[in-house]
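This report walks through selected features of one structure, from a single side chain to the ligand site, the backbone and the charged pairs. Please keep the sequence and the structure in view while reading.

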Amino acid sequence: MTRKYIVSSAQMGPIARAETRQSCVRRMTDMMQEAAARGSRFVVFPELALTSFFPRWMIDDPDELDMWFETSMPNIDTAPLFEMAKTHHIGFSLGYAEKTVENGKTRYFNTAILVNQNGEICGKYRKVHLPGYHEPQPNRHHQHLEKRYFEQGNLGFPVTPMLDTRIGMLICNDRRWPEGWRVLALQAAELVCLGYNTPDDHSGFADVDALADFHHILSMQSGSYQNSVWSIATAKCGAEEGSSLIGNSVITAPSGQVVAQSNTLEDEVIHAEIDLDMAQQYRQTFFDFARHRAPECYRLITERKGAEPEPDDTLC
Ligand code: ING
């Protein structure tokens with residue numbers, strides 16, 4: 001039996017600082033309805049999809065900072081998403097800022113959840129690779145304070161059986177690091193989904209900014225190809241509170257080919273029929289991990305954090 005499904009990326013345009021959760025959820029349910037009408041079984045929403053990308057601001061007041069976080073999921077604002085998943089039999093992934101209490105300690109994470117076609121949460125991931133800084137940087141029009149507002153994710157890289165396959169999640173900056181992709185693929189994930197907020201106005205790195213779209217798509221194509229997985233990457237994009245965020249939401253095949261790509265910097269749903277068995281043709285040949293990988297040679301990847309020349313490095 002073939003495992004072909006229509007899946008969707010529900011890209012979101014800018015979210016204003018004052019925009020309500022209800023307004024964001026309404027935009028998302030409109031797009032979920034559009035996806036369902038196309039026969040889609042799964043929709044990927046952006047990272048931090050319920051609010052403006054607040055790590056661009058230095059927020060001193062802890063009460064104000066807490067306003068950007070969800071303390072429960074689902075909640076009264078997001079309930080319509082879960083209800084629509086159930087009525088339309090369509091799963092989704094959603095990124096949001098999570099405030100939780102674990103072992104008596106309040107914790108803050110950049111989180112994404114997987115919700116199945118019955119409207120039940122069946123997977124959760126907390127962002128591991130947090131870009132930016134803990135302290136505000138001088139001479140920057142926009143800050144990037146994810147290391148200040150979020151803790152490093154503590155759930156590892158989990159894979160969830162869903163939709164007749166195994167789905168893993170990454171979040172934004174994670175896509176630039178091969179390790180997360182590989183850990184998911186080593187758990188036999190066949191589909192990786194992620195949301196992102198990627199500015200291309202880092203002020204001071206003009207050359208990097210000019211390549212922001214290229215680096216995003218390069219990361220998705222290489223991650224998909226080198227791990228034989230389908231991937232869905234969904235942007236929050238456009239001119240958001242004076243910051244320019246890239247679009248180019250893409251659905252990418254295990255071959256590394258982009259099979260669907262957004263064209264706007266607004267709310268836009270893109271779709272693709274994915275053949276989940278396509279992953280196997282790579283997994284059983286060029287990327288047969290069991291046959292070709294050499295973990296005994298990879299010790300440095302887990303033992304060393306930063307790059308260091310070996311003491312006996314000799315320039316030849
Ligand atoms: N945003 C960006 C991302 O990784 C970034 C941060 C932009 C890092 C450009 C490097 C270059 O797409 C988030 N939220 O991770």
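This is a predicted model: local features need pLDDT of at least 70, side-chain atom pairs count only at pLDDT 80 or more; totals for chains, interfaces and linings use all residues.

The side chain of His-271 makes a polar contact of 2.9 Å with the side chain of Ser-8. Leaving aside residues up to four places away in sequence, His-271 touches Ile-6, Val-7 and Ser-8, as well as Glu-34, Ala-35, Arg-38, Ile-251 and Ala-260.

## The ligand site

There are 13 residues around the ligand, and those that come nearest are Glu-146, Cys-172, Asn-173, Asn-197 and Thr-198. Asn-173 also places a polar side-chain atom 2.7 Å from an oxygen atom of the ligand.

On its own the ligand has 370 Å² of accessible area, and the protein covers 87% of it.

## Backbone features in loops

Most residues other than glycine have a negative phi, and most peptide bonds are trans. Against that background, the peptide bond from Met-73 to Pro-74 is cis, with omega near 0 degrees, and Pro-74 lies in the loop that joins helix 2 (62–66) and helix 3 (79–88).

Leu-163, which is not a glycine, has a positive phi near 55 degrees; this residue sits in the loop between strand 6 (159–162) and strand 7 (165–171), and its relative accessible area of 9% is the reason why Leu-163 is classed as buried. Ser-228 likewise has a positive phi, of about 50 degrees, without being a glycine, and is placed in the loop between helix 7 (212–227) and strand 9 (230–235). Ser-228 counts as buried, because its relative accessibility is 0%.

## Salt bridges and their network

Side chains of opposite charge can pair when their charged atoms come close. The structure holds 22 salt bridges, and one of them joins the side chains of Arg-126 and Glu-98, with an N to O distance of 2.9 Å. Arg-126 belongs to strand 5 (residues 121–126) and Glu-98 to strand 3 (residues 91–102), so this pair ties together parts that are 28 residues apart in sequence. Arg-126 is buried, because its relative accessible area is 3%, and Glu-98 is also buried, with a value of 5%.

A second pair is formed by Lys-105 and Glu-151, whose closest N and O atoms are 3.9 Å apart. Lys-105 is found in strand 4 (residues 105–115), whereas Glu-151 is in the loop between helix 4 (146–149) and strand 6, so parts that are 46 residues apart in sequence are tied together by this pair. Lys-105 is partly exposed, with a relative accessible area of 46%, and Glu-151 is partly exposed as well, with a relative accessible area of 23%. Which residues are linked with these pairs in a network of salt bridges? The network consists of Glu-98, Glu-102, Lys-105, Arg-107, Lys-124, Arg-126 and Glu-151.

Glu-240 and Lys-236 form another salt bridge, in which the closest N and O atoms are 3.1 Å apart, and both Glu-240 and Lys-236 are buried.

Which residues make the nonpolar surface patch of about 250 Å²? The patch is made by Tyr-133, Phe-205 and Val-208, and Val-208 has its place in helix 6, which spans residues 206–210.

Val-208 is partly exposed rather than exposed, because its relative accessible area is 41%, and the term exposed is kept for values over 50%.

How values were computed:
Residues are numbered from 1 along each chain as its sequence is written. Side-chain values use heavy atoms; hydrogens and water are left out. Patches are made of residues with over 30% relative accessible area and no salt bridge: like charges are joined within 9 Å, nonpolar side chains (Val, Leu, Ile, Met, Phe, Trp, Tyr) within 5 Å. Accessible areas come from the Shrake-Rupley method with a 1.4 Å probe; for residues, only the protein chains shown count as cover. A salt bridge is a side-chain nitrogen of Lys or Arg within 4 Å of a carboxyl oxygen of Asp or Glu. Helices (H or I, at least four residues) and strands (E, at least two) are DSSP runs, numbered from the N terminus. Buried means under 20% relative accessible area, exposed over 50%, partly exposed in between (1.4 Å probe, protein chains only). A polar contact is a pair of N or O atoms within 3.5 Å; within protein, one must be able to donate a hydrogen and the other to accept it, and residues adjacent in sequence count only if both atoms are side-chain atoms. Contact means heavy atoms within 4.5 Å. A residue is near a molecule or strand if one of its heavy atoms lies within 4 Å of it.
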